[in-house]
Amino acid sequence: MTNLPLQTTWFLPRGELSRLIETLRADGYEVVGPTVDQGAIVYSEIRSTDDLPKGWTETQGPGQYRLERRTDDAYFGFTVGPHSWKKYLFPPLVTVSTAERTPDGWSISDGKNDPPKYAFLGVRACELAAIAVQDRTFLHGPYVDPVYKARRDQAFIIAVNCTQAASTCFCTSMGTGPRCTRGFDLALTELPAGFLVEVGSPAGEALAARLPLVEAAEDHTREAEARRQNAVDQIQRRMDTTGIRDLLLQNLEHPRWSDVAQRCLSCTNCTMVCPTCFCHSVRDVSDLTGDQARRERQWDSCFNLDFSYMNGGPVRNDVRSRYRQWLTHKLASWFDQFDVSGCVGCGRCITWCPVGIDLTEEVAAIRSSDGLQRPPVSPAAT
Amino acid sequence: MSGKPRLAVFKFASCDGCQLSLLDAEDELLAIAGAVEIAYFLEASSRVLPGPYDVTLVEGSITTPHDAERIQEVRRQSKFLMTIGACATSGGIQALRNWASSEEYLRAVYARPEYIRTLSTSTAIADHVKVDFELRGCPINHHQLVEVLSSLIAGRTPRTPNHSVCLDCKRRGTVCVTVAQGIPCIGPVTHAGCGALCPHFDRGCYGCYGPAAQANPSSLNDWWMQHGHAPQQLVPLMRNFNGYAPSFRSESERLERMAATSHSSDQVGGNDK
């Protein structure tokens, strides 16, 4: 095995991409990555390069996503789609425990927690940031989530640098991209002839040593840099994050919340596609005899009326208070809770909102009339 | 509830599909039959026992003077009355008559309309008697029915989520048919229960489970109108199995008013030319 130093840049010829997938699969990884399905580029199991969205791209706008053909046959010539890696790390439905009535009383067992070893292929910079945000939620707090941990600990991450941007992208405003700088084992930048490969961890180094890599030529490095710059240049959407926590928390009675509530469907799509939203609910399900029960955890949303149901009624009993809860948590109180923004600028909530509500516009609207409707600030308001 | 609860199932104006959903619950049917005493369920058994009943399931809407009286007696005989399905809960597809002339329908359908005694409206059971629980769907989902019956037998509160269909699409990984394909889908304003069946098969949601909690159909329709759909085209989406549910009803009536306004302004425009 060649001993590759960390941070060296290598080149993987285009025809050898399949070796990467084969090597991971031979090591027992379930490789998951982008593939075309249901009119979009989604994440699913990748068995070979044939499963990748070769020659496909997309256009995105508020409430709209369309798959399109590229003029070349790039494997990663698109941005982010409706799925995120959270569907693997924080699955939509898990059985956390089961209970069975026996002659000696209830027998309770933990739910099955032996996930496959995932290799994520094609993780973008905003998504690396999102995984880091969820790590804080599920791993770095006082309670470690065993479901997340079992998946996260084993995951092998192959990042891909964006070489283009969608109209909904605003990672540059959030400081999360488009360049992948940390949180990966390997990072690729796609060029017509192959992939520039950066090593980001000892595990990445070990894998790289088994791939048919050559040292990157200066031309490759320069071209990769130009392509990554293209993504930066294409990003048009901006969110001014200056003092955003205080801006939102000091405008809890701003009329814009009522305005957005007229448009918001409270349908949960933004929270479902958000790669950092982690809300869930736990319910007990029993069979008709009451002898078998299981406790299930499933994705839930602050946009659901029942989600704030407490002692006789919902606390957030209108769309205005639910939208405000979501946005102020994501962009403001997330800092208090996790010391980081809950938004990574991926733009999914803008694209996948059925009525195209754009959080960057909502924030801008509040900022443009900041102070006009400011109530007295009380510490309890946060 | 002490002892074996007595179960009754009554039918009003309906297609029987919801009762069949109970008979369709093949894996659980024997357990249900063992857990309750089936006292009145004509779809399943000709054995009829008199009331009172602990749990009564009511299928169908009220469309005749006779049924308007009969539901009062069913209520008197029932400790816990639950409606099953869109007809009983919102008036059903037959509530389309509420926007039309039932007299004209009678003449068109029946050879001897003078023998037919009917009301001019189809209305939900809750418009006539107190309803303890409403189970949505056209037809109902038998898993939900079993969950509700299990809850009642176990003495816990039944839980049927009132969120939108979208949440279920996302949980199962279904890509939004509206955003990715431009297919009009009323899932964002529709009550969950089907497990997001239609979008999974590349079709828009028809709203079989009626409006979700605090649904906002006006915003959804405004969006489609901004994207080239005429209000008149959107009316049928709101007027389906749950067209007479209050939020869908007021929205379809708003769309009709808009269609009438745009039609008359079109004519004005035409006259100008």
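## Reading the predicted model

Q: What does the domain assignment of chain B give?
A: Chain B has domain 1 (6-154) and domain 2 (165-259) in the assignment. The model here is a predicted one.

Q: How do you know that domain 1 and domain 2 of chain B are in contact?
A: Contact requires heavy atoms within 4.5 Å. By that test, 16 residues of domain 1 of chain B meet 17 residues of domain 2 of chain B. The C-alpha centres of these two domains are 25 Å apart.

Q: What makes up the area buried between domain 1 and domain 2 of chain B?
A: The two domains of chain B bury about 1300 Å² between them, with 56% of it on carbon and sulfur atoms. Of the area that domain 1 of chain B buries against domain 2 of chain B, 47% comes from B:Ser90, B:Trp99 and B:Arg136, more than any other three residues supply. The side of domain 1 that touches domain 2 in chain B has 8 nonpolar, 7 polar and 1 charged residues.

Q: How many salt bridges and polar contacts join the two domains of chain B?
A: The salt-bridge count between domain 1 and domain 2 of chain B is 0. Polar contact, however, is found for 8 residue pairs across this interface.

Q: How do you know that chain A and chain B form an interface?
A: Heavy atoms within 4.5 Å count as contact. On that basis 44 residues of chain A touch 33 residues of chain B. The two chains bury about 3000 Å² between them, 54% of it on carbon and sulfur atoms. A:Gln38, A:Leu265 and A:Leu288 supply 24% of what chain A buries against chain B, more than any other three residues.

Q: What kinds of pairs does the rule find across the interface of chain A and chain B?
A: It finds 0 salt bridges. It does find 17 residue pairs in polar contact. Several elements of chain A each give at least two residues to the side that touches chain B, including strand 3 (40-45), helix 9 (256-263) and helix 11 (319-338). By class, that side of chain A has 21 nonpolar, 14 polar and 9 charged residues.

Q: Why is A:Thr328 called buried?
A: Buried means under 20% relative accessible area. A:Thr328 has 8%, so A:Thr328 counts as buried. A:Thr328 sits in helix 11 of chain A. Among the residues it touches are A:Leu248, A:Trp257 and A:Trp334.

Q: Why is the pair A:Glu253 and A:Arg320 called a salt bridge?
A: The cut-off is 4 Å from side-chain nitrogen to carboxyl oxygen. The side chains of A:Glu253 and A:Arg320 meet at 2.8 Å, N to O. A:Glu253 lies in the loop between helix 8 (244-249) and helix 9 of chain A and A:Arg320 in helix 11, so the pair ties together parts 67 residues apart in sequence.

Technical notes. Residues are numbered from 1 along each chain as its sequence is written. Chains are lettered from A and ligands numbered from 1 in the order in which they are written. This is a predicted model: local features need pLDDT of at least 70, side-chain atom pairs count only at pLDDT 80 or more; totals for chains, interfaces and linings use all residues. Side-chain values use heavy atoms; hydrogens and water are left out. Buried area is the accessible area (1.4 Å probe) that two parts lose on being put together, summed over both. A polar contact is a pair of N or O atoms within 3.5 Å; within protein, one must be able to donate a hydrogen and the other to accept it, and residues adjacent in sequence count only if both atoms are side-chain atoms. Helices (H or I, at least four residues) and strands (E, at least two) are DSSP runs, numbered from the N terminus. Ala, Val, Leu, Ile, Met, Phe, Trp, Tyr, Cys and Pro count as nonpolar, Asp, Glu, Lys and Arg as charged, and the others, Gly among them, as polar. Domain bounds come from an automatic or database domain assignment. Buried means under 20% relative accessible area, exposed over 50%, partly exposed in between (1.4 Å probe, protein chains only). Lists of a residue's contacts leave out its neighbours within four places in sequence.
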